[in-house]
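Visitor: I would like to learn how to read a few features of a protein model. Please take them one at a time.

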Amino acid sequence: AEYEGLLALMHERGDLVALNQDTHPGCHLHRSDPADVARVEHLTFVCTQHSQDAGPNNNLMDPVDARRLMHDLFEGCMRGRTLYVIPYCMGPIDSPFSRCGVEVTDSPYVAANMRLMTRMGSAALERIARDGTFVRGWHSTGELDPDRRYIMHFPEELTIMSYGSGYGGNALLGKKCHALRIASWQARSEGWMAEHMLIVGIESPKGDVHYIAAAFPSACGKTNLAMLIPPKSMPGWKVWTVGDDIAWLHPGPDGRLYAINPEAGYFGVVPGTNPHTNRHAYEMIRRDTIFTNVAVTADGQPWWEGLDEGSP
């Protein structure tokens, strides 16, 4: 009911556009600000007391300076806005490998997406009460000013602060911010790994089950590989998707490696996706999907570069 209420609110405000419910049931279009359409890696920082703890691939900022900067930006930024409090669980609610967080945000778009991308709500809140710890996420869209936009991570405090963007991984703090950046710190501390990897399960006709975790750079077919379906030339084989983007890998007491996909939903870049390049993903997103920044055809269907039919 809350999710439907958020969608209705955004439709009323014009933040969401209704798509053709005959061809795309449960689908909606959101348009972000024209200056807010990408992850801002150059404005994304990991803030640790010692530079070597920030990791070799991250931008570093002193945590004292970063906290002062972010507190100044957040001062009064939500005045007159609704504050949404989102308790969420990365991974299955009952898995010992899962970790929880709470994101506070002034964006109903973020709240709706977090319902799709995580296990959120009362079950997550009950798990937080049992665990006694969680990742703290602050988010505000601010003024959407590109010169006042930062995503800060404080691993030593399990805290994320994101200001000035309402788009994608800048605002959905359970994804890159928690599931990769903060989780990497948790993993190092606890003896596991948080990796940018797909997980796929395979069962042979004899019933032997194996899992594959694979790391690929962006835009080279990771989602395609994660969503394989055996061809008719391989009768009896079964393949299923565990995850298409992030894997939390845990060494077990039996010497084997165990993994979960910390996410509940799928989030991807859509240009080039069509029945020929990735039929399974194409079919999946024809229902119950929030599209962002795609075009629309005259009859209300989403359109993007790489589709064979329809024109925006």
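Guide: What follows goes through a sheet, a surface patch and several single residues of this predicted model.

Visitor: What is the strand order in the open sheet of three strands?

Guide: As a general idea, strands of a sheet pair through backbone hydrogen bonds, either parallel or antiparallel. Here the order is 13-12-14, and the pairing is antiparallel. Strand 13 (209–215) and strand 14 (238–243) are the edges; each has a single partner strand, so one side of each is left without a neighbour in the sheet. On average, neighbouring strands of this sheet are turned by 25 degrees against each other, direction ignored.

Visitor: How many bridges join strand 12 to strand 14?

Guide: Five bridges join strand 12, residues 197–203, to strand 14, and the two run antiparallel. For a residue-level view of this pairing, take Ile 199, which stands opposite Gly 243 in strand 14.

Visitor: Which residues make the nonpolar surface patch of about 220 Å²?

Guide: Phe 216, Leu 225 and Leu 228 make that patch. Phe 216 lies in the loop between strand 13 and helix 7 (222–226). Its relative accessibility is 31%, so Phe 216 counts as partly exposed.

Visitor: Now a residue from another loop. Is Thr 141 buried or exposed?

Guide: The cut-off comes first: buried means under 20% relative accessible area. Thr 141 has 16%, so this residue is buried. Thr 141 lies in the loop between strand 8 (135–140) and strand 9 (150–154). Neighbours within four places in sequence left aside, Thr 141 is in contact with Arg 81, Asp 106, Ser 107, Gly 164, Ser 165 and Gly 166.

Visitor: Where does His 250 lie, and what does His 250 touch?

Guide: His 250 lies in strand 15, residues 247–251. With a relative accessibility of 6%, His 250 counts as buried. Not counting residues up to four places away in sequence, His 250 touches Phe 97, Trp 192, Arg 256, Leu 257 and Tyr 258.

Visitor: What is the relative accessibility of Leu 83?

Guide: The value is 47%, and Leu 83 therefore counts as partly exposed. Leu 83 lies in the loop between helix 2 (63–74) and strand 5 (84–90). Leaving aside neighbours within four places in sequence, Leu 83 is in contact with Met 78, Val 104 and Thr 105.

Visitor: What separates the C-alpha atoms of Leu 83 and Leu 7?

Guide: They are separated by 16 Å, while Leu 83 and Leu 7 are 76 residues apart along the chain.

Methods: Residues numbered from 1 in each chain as written. Predicted model: local features only at pLDDT ≥ 70, side-chain atom pairs only at ≥ 80, totals over all residues. Heavy atoms only, no water. Pairing = 2+ DSSP bridges. Helix = DSSP H or I, 4+ residues; strand = E, 2+ residues; numbered from the N terminus. Axes fitted to C-alpha atoms, helices over the stretch in contact; angles between N-to-C directions. Patch = residues over 30% accessible without salt bridge, like charges linked within 9 Å, V, L, I, M, F, W, Y side chains within 5 Å. Areas by Shrake-Rupley, 256 points an atom, 1.4 Å probe, with all protein chains shown as cover. Salt bridge = Lys/Arg side-chain N within 4 Å of Asp/Glu carboxyl O. Buried < 20%, exposed > 50% of the residue type's maximum accessible area, 1.4 Å probe, protein only. Contact = heavy atoms within 4.5 Å.
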